[in-house]
Amino acid sequence: MTSSASKSWLLLLGFILFYVIYLLLGALVFSSIERPVEDKLRNDIQTMQREFLNQTCINATALEEFLVKALSASEYGVSVLKNSSLNSNWDMASSMFFANTLVTTVGYGHSTPLSDMGKAFSILYALIGVPFTMLVLTASVQRLMYPLVYAPQALFQRSGLDPRPASQLHFALLLAAVLVCFFVAPAFVFRAIEGSWSFLDSVYFCFMSLCTVGLGDFVPGEQPGQKYRSLYKVVVMVYLFVGLMMMYLLLRAFHKMADLHGLTSFLELPHCEEPEGDLRPILGDGPTDTGPPPPGPLHHRAATKQPLEPAAQPSYNTISKG
């Protein structure tokens, strides 16, 4: 591994470390702002529930008023049910989970800021966190492109496949691996942990989350009395980040396959950039000659500042056949 590659990996590790620190800082601020407001709202709901139950005669107006307040509180993650009130939406783990869904644009919406200060901080936090998260994901995918995309395709080509069939085989294997490791296997885990989720519900949650749709109808770690809830939330956050990274890598692999099949040229889209390692065989590793170029047609054209003919310009075909 060269020194430049080592520096690139160290820079990526620094990005990821700063990303974790940014999530922890956001969780600390969200918890300190929203936890007292949530506790007050929960106490108000419990007081309202006791007053409602102590009424000797309950009319339709009182029932409707109670239901409206209860439903309004449930939209902020505060329930009138006794078992549900044991879990806080703004403890450290839940606040970090909220910060993660905010900067990754998943945004389940199961818990939202209650206070104006929390809403203002959410805007500022997302304004910085969303671009930085995209930067970290992009940097991670760029480092994984060579070992997971370019190197396997080169291995298939050395085994005798042409570039197009090699890219098709690689994309099919990569797609199968992503489906198994980030959709099917996690779905079995979520089904076992959540209890009330079916396998289809779990696959549905994985797909909606990794596509950053985040409808919020299924949110992990919200079951009453769930064991190791904080650790479970952290593991789900890691799953979301790595899953989003692999989805982006899958799109990049498809982009490269589309380049080989001429789809990007047909649609006039930008091509997928090649890795830096592919430039080394073309440039050469030996000592370069710094003396004057020998006389020839190309030197004469450069001296007279005349443009090269299309046939004289180097292309990918002339390089690969040389």
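1. Packing of α4 against α7. In this predicted model, helices α4 and α7 pack with their axes 9 Å apart and at an angle of about 50°. That angle makes α4 oblique to α7. The crossing of the two helices is right-handed. On the α4 side, the contact is made by V136, L137, T138, S140, V141, Q142, L144, M145, L148, V149, Y150 and Q153. On the α7 side, the contributing residues are F241, L244, M245, M246, Y248, L249, R252, A253 and K256. By class, the residues of the contact of α4 with α7 comprise 15 nonpolar, four polar and two charged.

2. Packing of α6 against α7. Helix α7 also meets α6, and the axes of α6 and α7 come within 9 Å and cross at roughly 65°. The helices α6 and α7 are therefore roughly perpendicular to each other, since angles of 65 to 115 degrees are placed in that class. The crossing of α6 and α7 is right-handed. Helix α6 takes part through C206, S209 and L210, while α7 takes part through Y239, L240, G243, L244 and M247. The contact of α6 with α7 has six nonpolar and two polar residues, and no charged residues. L244 of α7 is listed in the contact with α4 and is listed again in the contact with α6.

3. The largest nonpolar core. The largest nonpolar core of the model has 49 residues. Helices α1 (3-53), α3 (92-103), α4 (116-158), α5 (163-194), α6 (199-210) and α7 (229-260) each supply at least two residues of this core. Helix α7 gives the most to the core, with 14 residues. Y125 and F190 are the residues with the most contacts inside this core.

4. When neighbours within four places in sequence are left aside, Y125 is in contact with Y22, L23, G26, F30, A99, L102 and V103.

5. The site of S95. Residue S95 lies in helix α3. S95 counts as buried because its relative accessibility is 0%, the cut-off for buried being under 20%. Beyond its neighbours within four places in sequence, S95 is in contact with A27, F30, S31, N89 and W90.

6. The site of A192. Residue A192 is placed in helix α5. A192 is exposed because its relative accessible area is 65%, and the class of exposed residues begins over 50%. The C-alpha atoms of A192 and S202 are separated by 9.7 Å, and these two residues are 10 residues apart along the chain.

7. The chain as a whole. The protein chain has 11 helices and zero strands. Its pattern, read along the sequence, is α-α-α-α-α-α-α-α-α-α-α. Of the 322 residues in the protein chain, 35% are buried. Among contacts with a separation of 6 or more in the protein chain, 68% are accounted for by residues 24 or more positions apart.

How values were computed:
Residues are numbered from 1 along each chain as its sequence is written. This is a predicted model: local features need pLDDT of at least 70, side-chain atom pairs count only at pLDDT 80 or more; totals for chains, interfaces and linings use all residues. Side-chain values use heavy atoms; hydrogens and water are left out. A nonpolar core is a set of buried Ala, Val, Leu, Ile, Met, Phe, Trp, Tyr and Cys residues joined through side-chain atoms within 4.5 Å. Buried means under 20% relative accessible area, exposed over 50%, partly exposed in between (1.4 Å probe, protein chains only). Helices (H or I, at least four residues) and strands (E, at least two) are DSSP runs, numbered from the N terminus. Contact means heavy atoms within 4.5 Å. Axes are lines fitted to C-alpha atoms, for helices over the stretch in contact, and angles run from 0 to 180 degrees between N-to-C directions. Angles under 35 degrees count as roughly parallel, over 145 as roughly antiparallel, 65 to 115 as roughly perpendicular and the rest as oblique. A crossing is left-handed if the near helix is turned anticlockwise from the far one by less than a right angle, and right-handed if clockwise. Ala, Val, Leu, Ile, Met, Phe, Trp, Tyr, Cys and Pro count as nonpolar, Asp, Glu, Lys and Arg as charged, and the others, Gly among them, as polar.
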